[in-house]
Structure formats: structure tokens, C-alpha cells
Amino acid sequence: MGIIKDLKNKNDKVVIDENVNKQINTVKKFSSLIILGALVAVGIFSSIYSVSEQEQAVITQFGKVVGVETAGLHFKLPFIQQLTTVNTTTQGMPIGYEESGTNDPVEDTSDYEDSMMITKDFNFVNIDFYLEYKVVNPENFLFNTDDPLNTLRNLTKASIRSTISKYLVDEVMTTAKGKIQSEVKDKLISEMEKVNIGIEIVNISIQDAEPPTAQVIQAFKAVETAKQGAETAINNANKYQSEKLPSANADADKILKEAEAYKENRIAEAEGQVARFSETYKEYKKFPLITKKRMFYETLEEVLPKLSIIITDGKTQSIYPVDKFNN
């Protein structure tokens with residue numbers, strides 16, 4: 001009986017082991033199907049991608065660029081091809097200060113290592129720039145240098161320093177800002193073409209320029225105030241000139257015209273007298289005696305009406321003005 005019982009237990013154990021193995025094999029097959037399905041799903045989802053309007057996508061296969069895609073929905077080989085997106089919109093980079101992340105410039109902090117410059121006259125100036133750039137060639141941006149933005153920053157600082165060193169501190173602070181910005185931009189564009197890292201310079205502008213100490217700041221403010229006062233005085237003088245000059249020119253023209261008219265009148269009068277004298281002389285040559293008498297009588301006719309005629313007996317006691325007899 002004991003032997004039969006042992007055989008029966010062994011047979012039951014064999015049946016149980018076979019059922020367990022079947023269940024394990026079923027679980028393994030089901031797990032494999034799940035894993036395979038998950039891999040297929042991941043492959044499908046990873047093969048389809050979209051690119052926004054502000055980006056471009058660089059597709060690489062075994063480390064080699066096989067395509068650059070623009071905005072839209074695209075397909076790539078799963079697990080084999082890799083995707084890297086690059087922002088192609090205009091972006092900004094502060095040079096000489098660190099942005100606070102807010103719109104309040106007061107909260108921005110200065111980076112004196114980048115902003116402190118030496119001018120042509122060996123003075124120091126603290127000057128900040130704001131660089132605007134955009135990526136125009138994503139392939140060169142990703143693979144022509146390890147850190148394109150750091151390269152851009154270093155080239156920008158070098159262009160700024162070489163430009164500032166050509167100007168006097170007073171020019172940097174006041175009158176030459178526009179020229180400095182233009183020169184820095186041209187120089188930076190030339191340097192970026194040499195390194196060819198796929199970045200285009202949009203603009204660079206001076207945000208602020210001031211001396212490194214408070215005392216020097218006050219001195220420059222005084223100079224700037226004096227310059228503004230000089231410009232105001234010059235503008236007022238030009239305004240006064242523009243107001244008075246037309247009137248003075250008109251008076252001068254009037255005087256010149258009156259002098260010219262007087263001159264012409266005197267010339268005409270002299271010419272008339274010369275003509276009359278010439279005619280009289282002609283007549284005198286013909287009839288000298290008659291001409292003398294006529295001239296004498298004409299002279300008396302002109303002179304006598306203006307004289308006071310007095311009749312006297314030669315003695316001062318008896319004087320008889322003729323005009324009393326006329327009255």
C-alpha cells in the first residue's frame with residue numbers, strides 16, 4: 001500500500017509540473033507579444049515627427065546628416081535616424097550684463113569682465129551691448145563647432161574691444177555710439193563668415209555706456225550738460241539768424257535799389273544838363289550877342305522873383321522896400 005501511494009503522489013507531481021510549465025510558456029509568449037507590440041508602437045511614434053514654424057530639424061544617420069526639414073509633419077527611420085531641432089527665429093544675447101528675466105532693466109546685473117573696456121586715450125568705460133542673431137544653417141550650427149553660442153559670444157567681445165580701442169572715451173560716451181555700433185556689426189559679420197557656424201548677425205546695439213566710478217560719471221554728466229547747453233545756444237543763434245537775416249537782406253536790397261535809382265537820376269540829370277549846354281553852345285556860336293542877352297534875361301527872370309528890392313536915395317535914413325508899395 002505504501003508503494004502504491006508513493007507512485008500516485010509522483011504521478012500527481014508530474015501532472016502539476018507540466019501545467020506550471022504550460023502556464024509559464026503562455027506567459028512568456030504573451031510577454032513577448034506585449035514587448036513586440038510596444039517596440040512596434042514606439043517605432044511608429046518615433047518615426048513620425050512635426051517641426052514648428054520657428055524651427056528646423058536636422059536628421060542624422062550613423063552620425064552623418066541625411067536631411068534638414070522645415071515646418072510640417074515628417075517621417076524618419078525609427079531607431080536608425082536621429083532628430084535634432086534648432087530654433088531659427090531671431091534671438092538675443094546680452095554682452096556686458098546679465099538679464100534678470102524680467103522686463104525691468106534696473107534688475108539686470110552688470111558683468112564687468114565683459115563690459116569693462118579700454119579706450120584710445122587709455123581710459124576705462126563700462127559699456128553694454130545687446131546682440132540679435134538667428135540660425136540660418138542648422139547643419140553648420142550643430143556640427144561645425146562644439147559650442148556655437150560661446151564662439152559667437154567670444155567673437156562679439158573681440159570685435160567690440162578692438163573697435164572701442166579706436167575711440168576716445170568722450171566719443172564712446174556721447175557722439176560716436178552710432179559709428180561704433182555699425183563698425184562692430186561689420187567686423188562681427190566678417191568674423192562669422194570665416195568660422196561658418198551657421199549664424200547670421202541681425203543687429204547689435206549699445207544699451208548703456210558709463211564711466212566705471214561715480215565721480216567720473218558726474219564729470220561726464222557735467223560735460224554732457226555743457227554740450228547740450230552749447231547746442232541749445234547754437235540752435236537759438238541759428239533761429240535768431242533765420243528770423244533777422246531775411247529782414248536785413250530786404251533792407252539791404254531796398255538801400256541798394258534806392259542808391260541805384262539816385263545814381264540813375266543823377267546821371268540822367270547830368271546828361272540832360274550836358275545836352276542843354278551843348279544846344280546852348282551851338283546857338284551861342286551862331287549868334288553870340290543875342291545868346292548872351294537871352295541868357296542874361298533868363299537868369300534875371302529866375303533870380304529877381306526871389307530878391308527883396310529896396311529903393312534908397314543913397315542915404316541910410318531913407319529906405320523904401322518895394323514890396324510895401326506892392327501890398
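Colleague: What kind of model is it, and how are the residues numbered?

Modeller: It's a predicted model, where local features need pLDDT of at least 70, side-chain atom pairs count only at pLDDT 80 or more, and totals for chains, interfaces and linings use all residues. Residues are numbered from 1 along each chain as its sequence is written, and side-chain values use heavy atoms, with hydrogens and water left out.

Colleague: How many helices and strands are in the chain?

Modeller: The chain has nine helices and 13 strands. Those are DSSP runs numbered from the N terminus (H or I of at least four residues for helices, E of at least two for strands).

Colleague: And how much of the chain is buried?

Modeller: Buried residues are 20% of the 327 in the chain. Buried means under 20% relative accessible area, exposed means over 50%, and partly exposed is in between (1.4 Å probe, protein chains only). In total the chain exposes about 23700 Å², with carbon and sulfur atoms supplying 57% of that. Accessible areas come from the Shrake-Rupley method with a 1.4 Å probe, and for residues only the protein chains shown count as cover.

Colleague: What about contacts along the chain?

Modeller: Take the contacts with a separation of 6 or more: 64% of them are between residues 24 or more positions apart. A contact here is heavy atoms within 4.5 Å.

Colleague: Okay, sheets. In what order do the strands of the open sheet come?

Modeller: Three strands form it, in the order E3-E2-E5, with antiparallel pairing. Two strands pair if DSSP finds at least two bridges between them.

Colleague: Which strands stand at the edges?

Modeller: Strand E3 (64–69) and strand E5 (81–87) do; each has a single partner strand, so one side of each is left without a neighbour in the sheet. From one strand to the next, the twist averages 25°. That angle is taken between axes, which are lines fitted to C-alpha atoms (for helices over the stretch in contact), and angles run from 0 to 180 degrees between N-to-C directions.

Colleague: How many bridges join E2 to E3?

Modeller: Five bridges join E3 to strand E2, which covers residues 55–61.

Colleague: What's going on with Phe62 in the hairpin?

Modeller: The hairpin of E2 and E3 has two residues between the strands, and Phe62 takes a positive phi near 55° there. Most residues other than glycine have a negative phi.

Colleague: Where else does a positive phi turn up?

Modeller: Phe122 has one near 60°. Phe122 sits in the loop between strand E9 (116–118) and E10, and counts as exposed because its relative accessible area is 71%. Asn196 has a phi near 55°; Asn196 is in the loop between H6 and E11.

Colleague: Switching topic: which residues make up the nonpolar patch on the surface?

Modeller: Phe62 shows up again, alongside Ile48, Leu73, Phe75, Leu77, Phe79 and Ile80, with about 810 Å² of accessible area together. Patch residues have over 30% relative accessible area and no salt bridge; like charges are joined within 9 Å, nonpolar side chains (Val, Leu, Ile, Met, Phe, Trp, Tyr) within 5 Å. Ile80 is in the loop between strand E4 (72–75) and E5.

Colleague: Why is Ile80 called partly exposed?

Modeller: Because its relative accessible area is 37%.

Colleague: Last one: how many salt bridges does the structure hold?

Modeller: Eight. A salt bridge is a side-chain nitrogen of Lys or Arg within 4 Å of a carboxyl oxygen of Asp or Glu. One of them joins Lys134 and Glu200, whose closest N and O atoms are 3.9 Å apart. That pair links distant parts of the chain, 66 residues apart: Lys134 is in strand E10 (residues 124–135) and Glu200 in strand E11 (residues 199–210).

Colleague: And where do Glu191 and Lys194 lie?

Modeller: Both are in helix H6 (residues 177–195), three residues apart, about one turn of the helix. Lys194 counts as exposed at 62% relative accessibility, while Glu191 is partly exposed at 26%.

Colleague: Which residues are linked in a network?

Modeller: Asp114, Arg153 and Lys157 are, through salt bridges.
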